[in-house]
Amino acid sequence: MKRIPTNIITGFLGAGKTTSILSLLARKPENEKWAILINEFGNIGVDGAILDQQGALVQEVPGGCMCCVAGLPMSVGINALLAEKPDRLLLEPTGLGHPKEIINKLTTESFANYIDLKATITLVDPRHLSDTLYTDNDNFQDQIGLADVLVANKVDECVEYDLVAFDTFAQACDPTKAAIGKVEQGKLDLEWLELDRIERPAVHSHHHHHSDNAVPLPGFELAPGQTYVRKENNGQGYRSCGWFFGADQIFDFSQMFKLLSNINAMRVKAVVNTERGCFVFNAVNQVVSVSELSLDGFESRVEVIDKDLLPWDELETILLSIVQKS
């Protein structure tokens, strides 16, 4: 088979990776079939659920950095997508993933005849460049170091200081980037996907156990009478908790928006069935954005990520309280 053009779309928590891929899918050539491998730190699979509805081939590797805690599921997922003979493959690693290890995996002899690894695109929210929680993080630094294309996303939400900070930051990168851009709402330039990958050094060396004997996580199946399941994960100094609700669980839109606005966590994302329809909720630092999906009978998913252990039981009680009674 021909070698499939492949891009890694990376960025730290809340940088807008999924929104960017949605934008690319909306503008891809109509005659092309694209495939996406989604990797999330949490176990619920919110991003995969969103992208699965956009006409792309989607495989998921939830539960942590795909190359470290789930070595075999990563290979299985890629092979399953390649078997569909897509015209392009996109990989969205978790914001807490190690891009160096993912690149190493994709350039091994196992994939050399099947994958044409093109430019790695790294998204940055310029408002976080003054926050050491982000800039001191090893994964953030490696995402920047390994980027062929460095993109300031959400520039419509930035002030002039943020944009100047990004310009200074980007120009100081060594080696220089193949391209530097500024976009709103993740609208990446399609031409960036065609740029060649340049061998770039990672700042850090990550020595993690590769669980090649791991098996893919099974799909969620609720037992008779069960209305939801809860899954937790922790690693690299971060914790997540996610909930998966049956399609018959309908949430109050206003109450859900209020709840997500009040959760003081680094990252909150959800796909939720409400009385108004199905909506995607994204919250970063208690700022919530909402977009509608044209879906019916969809299983709701909520995922929260933070450095601290949050009161998951209390949050679960509130979630259950805003399910509308039929």
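Predicted model: local features only at pLDDT ≥ 70, side-chain atom pairs only at ≥ 80, totals over all residues.
Local features are reported at pLDDT of at least 70 and side-chain atom pairs at pLDDT 80 or more, while totals for chains, interfaces and linings use all residues. Residues are numbered from 1 along each chain as its sequence is written, and side-chain values use heavy atoms, with hydrogens and water left out.

The largest pocket has a volume of about 860 Å³. A pocket here is an open set of points on a 1 Å grid over the protein atoms alone, with protein on both sides within 12 Å along at least five of seven lines; a cavity is a set of points where a 1.4 Å probe fits but cannot get out, and lining residues have an atom within 4 Å of a point. Grid points are joined across faces, edges and corners, and a volume is the space filled by probe spheres set on the points. The pocket has 42 lining residues, and Gly16, Thr19, Lys154, Asn282 and Ser289 lie nearest its centre. At least two lining residues each come from helix H1 (17–27), strand E2 (34–40), helix H2 (46–51), strand E11 (267–274), strand E12 (277–284) and strand E13 (287–293). Helices (H or I, at least four residues) and strands (E, at least two) are DSSP runs, numbered from the N terminus. The lining divides into 16 nonpolar, 15 polar and 11 charged residues. In this count Ala, Val, Leu, Ile, Met, Phe, Trp, Tyr, Cys and Pro are nonpolar, Asp, Glu, Lys and Arg are charged, and the others, Gly among them, are polar.

H1 also has a buried side, where buried means under 20% relative accessible area, exposed over 50% and partly exposed in between (1.4 Å probe, protein chains only). Its buried residues are Lys17, Thr18, Ser20, Ile21, Ser23, Leu24 and Leu25. These residues pack against E1, E2, H2, strand E4 (88–92) and strand E6 (121–124), with contact taken as heavy atoms within 4.5 Å.

The structure holds 1 cavity of 30 Å³ or more, and the volume of the largest cavity is about 50 Å³. Its lining consists of Phe12, Leu13, Ala15, Leu123, Val124, Asp125, His128, Tyr134 and Phe140. By class, that is 7 nonpolar, 1 polar and 1 charged residues.

Phe12 and Phe140 lead on to the ring pairs. There are 9 aromatic pairs in the structure; rings of Phe, Tyr and Trp (its six-membered ring) pair if their centres lie within 6.5 Å, and planes under 30 degrees apart count as stacked, over 60 as edge-to-face and the rest as tilted. The Phe12 and Phe140 rings are edge-to-face because their planes stand at 90 degrees, with the centres 6.2 Å apart. This pair links distant parts of the chain, 128 residues apart: Phe12 is in the loop between strand E1 (4–11) and H1, and Phe140 is in helix H7 (residues 138–145). Both residues, Phe12 and Phe140, are buried. Phe12 forms another edge-to-face pair with Tyr238, at 6.5 Å centre to centre and 75 degrees between the planes. Tyr238 lies in strand E10 and Phe12 in the loop between E1 and H1, so this pair ties together parts 226 residues apart in sequence. Ring pairs join Phe12, Tyr134, Phe140, Phe169 and Tyr238 into a cluster.

The largest nonpolar core has 25 residues, among which Trp243, Phe281 and Val304 touch the most other members. Such a core is a set of buried Ala, Val, Leu, Ile, Met, Phe, Trp, Tyr and Cys residues joined through side-chain atoms within 4.5 Å. Two or more of its residues come from each of strand E10 (238–245), helix H9 (253–262), E11, E12, strand E14 (300–306) and helix H10 (312–321). H9 gives the largest share, 4 residues. A second, separate core of 22 residues includes Ile9, Ile38, Ala119 and Trp192.

Ile38 is also one of the residues that Gln59 touches, not counting residues up to four places away in sequence. Gln59 is in strand E3 (residues 57–62) and is partly exposed, with a relative accessible area of 30%. Its C-alpha lies 7.2 Å from that of Leu81, 22 residues apart in sequence.
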